[in-house]
Amino acid sequence: MYEFNHYQANINGINMHFVKEGEGHPVVLVHGWPDLWFGWRKQIRPLQLSGYQVIVPDLRGFGQTTPYSTDVNDYGWKTITADLDALLNYLNISQAVFIGHDWGGMVVWRMGLYYPNRVTAIGSLLTPFYPRRPIYMSLEDMVKINRVLAYQYYFNSDEAANNLYNNIDTFFKLIYRRWDHTNNNTLRVRDNHIDIASLDNVERDDLISESELNYYITQYKHSGFESNLNYYRTTRINWEDEENLPKTIQHPALMVTAGKDKVLPPSMTTLMKKGLVPDCEYYHIEHAAHWVQVEQPVMVNKILISWLNSILLNSKL
């Protein structure tokens, strides 16, 4: 299916699985939820062939990175960025470009705050940069402002991990869909609950092949969801950890938005454009939704390679 070189690194109390291809300036690709290193499968080879060393880990709690701790304190951004810092040390790399998608976007922005000297530049697909709020905002408060986030109530529930695990096939068929492929069965939150088991005869969308779907299913049957759902449960932890962090990103940056993403719409970048990320290039892909790097790989790869070439040429690295 996809032939890449796989490695394991004992770092920071975990055994981190990662893919590494190529030579040249390191580029670390960081996935979100419920993704894996595999979410970058269509970017790895093009970036390698463009002269970059491409490093793509399974984050703590995902895929083949073990153990699968269920302690929420293990999943704050301070810990996740420390994992990536340790991975650079393991590979004897002083500095890298970090590019993230979904929660991975949040991770790479935080790399620029926690470990600015390890970061050459930061790129994010869909996830805008937000600094720490001066006053803590709970999930309940966030949902009042943005009802689209109501699904996170469910991911914070005790039942979510088992429900998702028992319906892995249906769940991944529901979420991996092209923006213009409508489906009668959709994930709807009712009373803070998503009843996936009641959705019948969900067909696989052509955004993902049968073998690709099976890879996700196999990986999540092994890891389960209890560990990685903790990424949705660290709001208070992150707010407390980030009290003394900078409020702006001073690195060269890239922000890519997708016109059909309902959870992370382009409008969410408004705040970061007000001086929070002064050296940022913005690109927009209209005909794509949340899985933009899979749905529009040619466009995404063109943007990434052009941006990487420009910033690394300018920095003479």
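Begin at V97 of the predicted model, whose bridge partner in β6 is A121. Here helices (H or I, at least four residues) and strands (E, at least two) are DSSP runs, numbered from the N terminus. The model is predicted, so local features need pLDDT of at least 70 and side-chain atom pairs count only at pLDDT 80 or more, while totals for chains, interfaces and linings use all residues. Residues are numbered from 1 along each chain as its sequence is written, and side-chain values use heavy atoms, with hydrogens and water left out.

**The whole chain**

Display the complete protein chain, which contains eleven helices and eight strands. Its C-alpha atoms fill a box of roughly 55 × 45 × 40 Å along the principal axes. Of the 317 residues, 57% count as buried, that is, under 20% relative accessible area, with exposed meaning over 50% and partly exposed in between (1.4 Å probe, protein chains only).

**The sheet**

Next, select the strands. Eight of them form an open sheet of mixed pairing, in the order β1-β2-β4-β3-β5-β6-β7-β8; two strands pair if DSSP finds at least two bridges between them. β1 (6-11) and β8 stand at the edges with a single partner strand each, so one side of each has no neighbour in the sheet. From one strand to the next, the twist averages 20°.

Centre the view on β5 (residues 96-101). Six of its six residues are buried, so the rest of the structure largely encloses this strand. A96, F98 and G100 point one way from β5, and V97, I99 and H101 point the other way. With β3 (residues 26-30), β5 pairs in the parallel sense over four bridges; V28 stands opposite F98, and the bridge partner of L29 is I99. β5 and β6 also run parallel, joined by six bridges.

Continue to β7 (residues 253-258), where six of the six residues are buried, so this strand too is largely enclosed by the rest of the structure. A253, M255 and T257 point one way, and L254, V256 and A258 the other. Four bridges join β7 to β6 (residues 119-125) in parallel, and six join it to β8 (residues 280-285), also in parallel.

**Two helices**

Show helix α2 (residues 77-90), which lies across β1, β2 (14-21), β3, β4 (53-57) and β5 and runs at about 110° to β1. Axes are lines fitted to C-alpha atoms, for helices over the stretch in contact (heavy atoms within 4.5 Å), and angles run from 0 to 180 degrees between N-to-C directions.

Then turn to helix α1 (residues 41-49), whose buried residues are R41, Q43, I44 and L47. Viewed down the axis of α1, these fall within an arc of 155°, so they line one face; the arc is that of the directions from the helix axis to the C-beta atoms. Just after α1, G51 takes a positive phi of about 100°.

**The core**

Finish at W33, F172 and F225, which touch the most other members of the largest nonpolar core, a group of 110 residues. Such a core is a set of buried Ala, Val, Leu, Ile, Met, Phe, Trp, Tyr and Cys residues joined through side-chain atoms within 4.5 Å. Around F172, select P34, L213, Y216, Y220 and F225, the residues it touches when those up to four places away in sequence are not counted.
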